[in-house]
Amino acid sequence: MRIDARNLLDKLGKNDFAYKEFEDRFSELELWPMLEALLRDPRLQAIDPVENVATAAAAVAEQAVVETFEPLQTEPLSSLFSRYGQGPAASSASDRRGPQAQDVRAMLRHLSDLGSQGKI
Amino acid sequence: MPVIVCHGLKGGAGTTFLASHLAMTLSEAGADVTVLTTAHRNTLPLHFGLQPAMTLPSLFAPAEDAVLVSGINLRSHVRAPEDPDFVPTLSDMGYLETGQDRVMVIDVPSNEFAFARRVIPHASAHVCVLNAAADTLALMPQVLDEASPESIAAASFVINALDETRRLSRHSAAFIRELVGTRLLGRVRLDESVPEAIAMLQPLAKYAPSSAALADVRAIGAAVIPALETPGRPWVARGSAPSSSASRAA
């Protein structure tokens with residue numbers, strides 16, 4: 001860290017900088033083709049937390065995966081793919097994100113909302 | 001004597017940095033920690049402030065040959081990926097059991113995914129290090145396709161070297177957060193203090209105690225501590241979704 005940056009942090013009583021000035025709304029940006037291609041790749045479903053844990057639990061001994069915190073409700077990744085007509089969306093996901101969550105733009109709007117709430 | 005496997009999705013992700021600082025955090029929490037690198041070309045000593053010419057002793061070298069830094073035992077076993085008896089050996093040495101008295105953090109090179117797949121089912125935790133970068137994201141489908149469901153299910157994730165000043169980096173991190181959900185242990189911000197500390201031959205905590213990356217990696221280490229109580233079966237982060245405090249600078 002440069003000495004001038006460190007001096008500034010000392011004056012501010014902080015340990016590091018915030019980058020809140022770089023916040024932007026995802027809905028106002030073009031979608032990166034890379035991310036769109038990834039969302040269309042069914043192999044990404046393997047990381048789906050819900051399906052994955054269930055698969056692993058069936059494949060190995062019970063309680064093979066230890067959850068130490070209260071799990072949150074998560075949306076299966078497959079529901080994202082369903083927005084491209086590859087299958088039905090999970091009803092829980094529809095309930096959580098509303099009828100507008102039907103495409104990649106909706107995902108980005110969701111991310112934008114999270115950003116505006118300071119959650120990402 | 002739990003084992004924690006650190007494995008990057010892609011070379012250069014910062015797996016050795018993370019393994020080193022996980023070891024430091026666990027050691028500060030009271031554990032007797034050994035860090036094992038299986039890389040032929042390892043940079044492990046640099047993160048402990050050691051000279052670049054330092055050669056780490058074998059896992060099986062006698063105690064008098066040990067390299068200890070702040071009580072952390074640094075070891076090397078480059079033939080581990082080819083050793084079919086590696087997991088039984090760990091068991092014979094007393095690892096893969098419960099408790100925080102002795103912990104082994106294994107730094108596995110990204111190309112040794114077959115070895116990682118073999119060890120992870122016996123480990124207490126698998127920490128997968130990612131970069132919020134387009135090339136890393138592009139590899140994810142292939143990596144997931146090649147990994148076993150058990151390995152994927154056992155993985156907790158860390159975004160390393162996150163540059164929040166860059167639009168693509170922020171978007172990539174948001175994508176990863178959305179993808180892995182609550183299994184994201186946290187992110188480590190890009191911090192020039194990390195390479196500077198290496199160049200100064202000092203541990204990061206000594207060179208830059210106010211380092212943002214240090215604060216981030218310490219928080220991740222603290223989040224992994226519950227894994228020490230789950231030997232022989234993978235622990236997976238199930239914390240809250242990354243919040244503002246976890247994803248933004250203070």
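**Notes on chain B**

1. Just after helix 7 of chain B, B:Gly181 adopts a positive phi of about 60°. Helices here are DSSP runs (H or I, at least four residues), strands likewise (E, at least two), both numbered from the N terminus. This is a predicted model: local features need pLDDT of at least 70, side-chain atom pairs count only at pLDDT 80 or more, and totals for chains, interfaces and linings use all residues. Residues are numbered from 1 along each chain as its sequence is written, while chains are lettered from A and ligands numbered from 1 in the order in which they are written.

2. Helix 7 itself covers residues 167-180 of chain B. Its 14 residues reach 20 Å from first C-alpha to last, close to the 20 Å expected at 1.5 Å a residue. That expected span is 1.5 Å times one less than the number of residues.

3. Why is helix 7 of chain B largely enclosed by the rest of the structure? Of its 14 residues, 12 are buried. Buried means 20 or more other C-beta atoms within 10 Å of a residue's own; exposed means 12 or fewer, and partly exposed lies in between, with C-beta atoms placed from the backbone. Among the buried residues are B:Arg170, B:His171, B:Arg177 and B:Glu178.

4. B:Leu130 sits in strand 6 (residues 125-131) of chain B. B:Leu130 is buried, because 29 other C-beta atoms lie within 10 Å. Leaving aside residues up to four places away in sequence, its contacts include B:Leu9, B:Ala13, B:Phe157 and B:Ile176. A contact here means C-beta atoms, placed from the backbone, within 7 Å. B:Ile176 is one of the buried residues of helix 7.

5. Helix 5 (residues 134-146) of chain B has a kink of about 35° at B:Met140, shortly before the proline B:Pro141. The bend is the angle between axes fitted to the seven residues ending at a residue and the seven starting there. B:Met140 is buried, as are B:Thr136, B:Leu137, B:Val143 and B:Leu144. These buried residues pack against helix 2 (33-39) of chain A, and against strand 6, helix 6 (149-153) and helix 7 of chain B.

6. B:Ala154 lies in the loop between helix 6 and strand 7 (155-162) of chain B. B:Ala154 is buried, with 29 other C-beta atoms within 10 Å. Its C-alpha is separated by 9.2 Å from that of B:Ala123, 31 residues apart along the chain.

Methods:
Two residues are in contact if their C-beta atoms, placed from the backbone, lie within 7 Å.
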